[in-house]
Amino acid sequence: MADVDLSELKPDALAPAAVEAKAEKLGVGKANMPVGKAFLSSILAGMFIGMGGMFMLLVKSDSTLTFAASSLLGGLAFALGLFLVITAGSELFTGNCLMIMGKMSSKYSWGKLLKSWLVVWVGNFCGALILIFLLYFGNFYGMNGGAVGATMLTVAAGKIAPSWSVLFFKGIMCNILVCLAVWVGFSARTVVDKFFTVLLPIIAFVACGFEHCVANMFFLPMGLVIKSAGVVNVANITANIDVITLAGVFKNISAATLGNIVGGCIFVGVIYWLIYAKKGSQK
């Protein structure tokens, strides 16, 4: 027991100042993680977030649900993704926007930060594509009489249709909520605590239709694959699926990625650093 940090055995949550210190410590580890390990870990996160999206699509394919019920239950299902990221352990680009705290405290260079973000972003995309491959050949789109496939197309079209600027601001709002979920998750000491920390912020961002770049790495290529393969009856789909193109996918993911960086870094990371870590701040 001599090597055990007894403070970690306490059931109470960490205070915000301790959370900020933990975020910086974790950021140092992420910034110095070997590229191979970071890439493999980020593949897992891409798959985990995609699994949340997979679960959400299944729920939202039930046409008997009202708008409010579909939005709420879809968000609850999607929370699976971040819960797995936080508890099972993996590298998620959007959550890693909190690494800005360690950079603000000069714990690592901009070069290390940007390199880490790039490796994780690419790894997340690869993980999402791997899941798409598995689900496509597993005929996931055929569930509920093909309604799951129709929902894939509807969701993808709805995410591509808005203008780039609208998607950018939706991305900002999304990662404010996601990084708040991660921030509060840092304070948790038990698996049960971590489960409940992710629920409300994640349900909120999904229900409100905000844009998460890693989730969209799953939703949009999946929609593109389903559309191109022609395996879904599109007769009853009211959405304009013609917008589901490679250009449309790029438009959404580029806007969501930049918006996610602004939302997570500035509105969560920088502000909490100024409150709890800047020299002279009250602890």
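I began with the largest pocket and sorted its lining by class: 18 residues are nonpolar, 15 are polar and five are charged. I noted at the outset that this is a predicted model.

Next I looked up the space in that pocket. The largest pocket holds about 840 Å³. I then listed its lining, which comes to 38 residues. Lys60, Ser70, Thr151, Thr154 and Val155 are the ones nearest the centre of the largest pocket. I asked which elements give two or more residues to this lining. They are α2 (35–60), α3 (67–89), α6, α8 (191–207) and α9. Helix α6 supplies the largest share, with seven residues.

**Second pocket**

I moved on to the second largest pocket and found about 360 Å³ of space in it. Its lining has 17 residues. Nearest the centre of the second largest pocket I noted Lys30, Val85, Ile86, Ser90 and Phe186. Two or more lining residues come from each of α1 (16–31), α3 and α7 (164–187). By class I recorded seven nonpolar, six polar and four charged residues in this lining.

**Cavity**

How many cavities of 30 Å³ or more does the structure hold? I found one. The largest cavity has about 40 Å³ of space. I wrote down its lining as Ala23, Leu26, Gly27, Lys30, Gly95, Asn96, Leu98, Met99 and Phe186. Helix α1 gives four residues, the largest share of the cavity lining. In the lining of the largest cavity I noted five nonpolar residues, three polar ones and one charged one. Lys30 and Phe186 are in my list for the cavity, and both names also stand among the residues nearest the centre of the second largest pocket.

**Helix α6 against helix α9**

I went back to α6, the helix with the largest share of the lining of the largest pocket, and looked at how it packs. Helix α6 covers residues 147–160 and helix α9 covers residues 213–229. I read an angle of about 120° between them, with the axes 8 Å apart. The two helices are therefore oblique to each other. The crossing in which α6 passes α9 is left-handed.

I then looked up which residues make the contact. On the α6 side they are Gly149, Met152, Leu153, Val155, Ala156, Lys159 and Ile160. On the α9 side they are Asn216, Phe219, Leu220, Met222, Gly223, Ile226 and Lys227. Sorted by class, the contact of α6 with α9 has nine nonpolar, three polar and two charged residues.

**Helix α2 against helix α9**

My last entry is on α2 and α9. What is the angle at which α2 and α9 pack? It is about 60°, and the axes lie 9 Å apart. That angle makes α2 oblique to α9. Here I recorded a right-handed crossing of α2 past α9, whereas α6 passes α9 in a left-handed one.

From α2 I listed Gly46, Ile49, Gly50, Gly53, Met54, Met56 and Leu57. They meet Val214, Ala215, Phe218 and Phe219 of α9. I counted eight nonpolar and three polar residues in the contact of α2 with α9, and no charged ones.

Methods:
Residues are numbered from 1 along each chain as its sequence is written. This is a predicted model: local features need pLDDT of at least 70, side-chain atom pairs count only at pLDDT 80 or more; totals for chains, interfaces and linings use all residues. Side-chain values use heavy atoms; hydrogens and water are left out. Axes are lines fitted to C-alpha atoms, for helices over the stretch in contact, and angles run from 0 to 180 degrees between N-to-C directions. Angles under 35 degrees count as roughly parallel, over 145 as roughly antiparallel, 65 to 115 as roughly perpendicular and the rest as oblique. A crossing is left-handed if the near helix is turned anticlockwise from the far one by less than a right angle, and right-handed if clockwise. Contact means heavy atoms within 4.5 Å. Ala, Val, Leu, Ile, Met, Phe, Trp, Tyr, Cys and Pro count as nonpolar, Asp, Glu, Lys and Arg as charged, and the others, Gly among them, as polar. On a 1 Å grid over the protein atoms alone, a cavity is a set of points where a 1.4 Å probe fits but cannot get out, and a pocket is an open set with protein on both sides within 12 Å along at least five of seven lines; lining residues have an atom within 4 Å of a point. Grid points are joined across faces, edges and corners, and a volume is the space filled by probe spheres set on the points.
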